[in-house]
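The structure is shown first, and the description follows.

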Amino acid sequence: MRVVMRGAGDIATGIALRLFAARFQVIMLETAQPTAIRRTVSFSTAVVNGTATVEGVAGVLTPSIDKVEPILASGKIAVLVDPNARLLPQLHPDALVDAILAKRNLGTARTDAPVVIGVGPGFTAGVDCHAVVETKRGHDLGRVILQGQGAVNTGIPGEIGGHSSLRVLRAPSAGTFRQVLDIGTHVTPGDVIGTVDGVPVVTEIAGILRGVLPSGIPVVPQMKCGDVDPRCALSHCYTVSDKARAVGGGVLEAILRLSPGPVTL
């Protein structure tokens with residue numbers, strides 16, 4: 001089966017790895033200037049570097065649609081710059097997964113593919129997609145919803161290591177972000193992880209910098225620009241999270257449940 005995914009950030013990458021391991025062909029559509037902060041576990045990094053390898057699987061930037069087939073045939077994930085999914089009709093997906101995580105639908109329709117999955121809030125199963133997969137941490141994480149919506153976005157990050165809102169670093173104002181510290185750096189309260197037009201972005205907790213925007217990204221006030229993990233495990237910076245794996249399992253279940261006829265892998 002061929003799955004096209006909108007988005008290639010860390011949650012989308014966790015989904016892609018689950019599908020790839022189940023022998024699906026995966027094509028990911030991203031923007032020309034990705035804003036994923038967990039860049040070490042995001043196939044969106046291929047847009048900048050040409051390739052990105054996450055847990056031994058390679059995602060390759062595909063310059064044109066005629067190069068997609070050779071990349072898939074070589075056992076890799078194809079990454080295309082196509083934020084509006086204009087190439088979708090030419091890619092002939094068996095399933096479409098919208099994992100942009102914009103908290104709203106940016107144009108995905110239930111008619112885009114035989115099976116259309118919306119990831120997170122902003123989608124309604126039975127209206128603009130066939131199923132929604134829950135992304136909120138807790139009892140229902142990864143649950144497949146066949147009618148209605150998932151949990152409403154509260155704007156409050158899930159708790160990790162005893163911290164919720166404080167672990168996510170946000171832009172103090174509009175401007176251009178500049179990275180100061182690298183992913184994997186151990187930080188303590190008061191450390192500057194980056195700046196926005198010279199204004200420092202400071203961590204309030206100790207931990208390890210699990211994610212940070214690259215320099216040169218335009219930001220708006222309160223936009224995510226860093227992620228401090230208080231558990232201080234360096235390996236967490238380079239492996240897909242428990243949340244991404246759970247959501248990936250939900251997407252895999254939804255595709256297999258909803259695909260018409262026998263599934264051919």
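The model is predicted, and accordingly local features need pLDDT of at least 70 and side-chain atom pairs count only at pLDDT 80 or more, while totals for chains, interfaces and linings use all residues. Residues are numbered from 1 along each chain as its sequence is written, and side-chain values use heavy atoms, with hydrogens and water left out.

Strands β1 and β2 run parallel and are joined by five bridges. Five of the five residues of β1 (residues 2–6) are buried, so this strand is largely enclosed by the rest of the structure; buried means under 20% relative accessible area, exposed over 50%, and partly exposed in between, with a 1.4 Å probe and protein chains only. From β1, R2, V4 and R6 point one way and V3 and M5 the other way, all of them buried. In a regular strand the side chains alternate between the two faces of the sheet.

Strands β1 and β2 belong to an open sheet of nine strands with mixed pairing, in the order β3-β4-β5-β2-β1-β6-β7-β8-β9, where two strands pair if DSSP finds at least two bridges between them. At the edges stand β3 (51–54) and β9, each with a single partner strand, so one side of each is left without a neighbour in the sheet. Strand β2 (residues 25–30) also pairs with β5 (residues 77–81), in the parallel sense and over four bridges, and in β5 the bridge partner of L29 is L80.

A further open sheet has four strands in the order β14-β13-β11-β16, with antiparallel pairing. Its edge strands are β14 (199–202) and β16 (218–219), each of which pairs on one side only. Two bridges join β11 (residues 175–179) to β16 in the antiparallel sense, and G175 stands opposite V219 in β16.

In soluble globular proteins, nonpolar side chains tend to be buried together.

Leaving aside neighbours within four places in sequence, F43 is in contact (heavy atoms within 4.5 Å) with residues including A8, L17, M28, V54, I77 and V79.

## Salt bridges

With a salt bridge taken as a side-chain nitrogen of Lys or Arg within 4 Å of a carboxyl oxygen of Asp or Glu, the count comes to nine. One of them joins the side chains of E69 and R2 at 2.8 Å, N to O, and this pair links distant parts of the chain, with E69 in helix α3 (residues 68–73) and R2 in strand β1, 67 residues apart. E69 counts as partly exposed at 43% relative accessibility, whereas R2 is buried, with a relative accessible area of 11%.

R6 forms a salt bridge with D98, the closest N and O atoms being 3.9 Å apart. R6 lies in β1 and D98 in β6 (residues 95–98), so the pair ties together parts that are 92 residues apart in sequence; both R6 and D98 are buried. In another salt bridge, between R245 and E55, the closest N and O atoms are 2.5 Å apart. R245 lies in helix α5 (residues 242–258) and E55 in the loop between β3 and β4 (57–61), so this pair ties together parts that are 190 residues apart in sequence. R245 is partly exposed at 32% relative accessibility, and E55 is partly exposed at 37%. R167, R210 and D227 are linked in a network of salt bridges.

E134 lies in the loop between β8 (131–133) and β9 (144–145). E134 is buried yet has no salt bridge, and the nearest side chain of opposite charge, K136, is 7.3 Å away, with Lys and Arg counted as positive, Asp and Glu as negative, and His and the chain ends not counted. Among the residues that E134 touches, not counting those up to four places away in sequence, are D140, R143, I145 and V247.

D182, in the loop between β11 and β12 (186–187), is exposed, with a relative accessible area of 51%. The side chain of D182 makes a polar contact with the side chain of Q179 at 3.2 Å; a polar contact is a pair of N or O atoms within 3.5 Å, where within protein one must be able to donate a hydrogen and the other to accept it, and residues adjacent in sequence count only if both atoms are side-chain atoms. E159, in the loop between β9 and β10 (168–170), counts as exposed at 59% relative accessibility, and E159 touches R137 and S164, not counting residues up to four places away in sequence.
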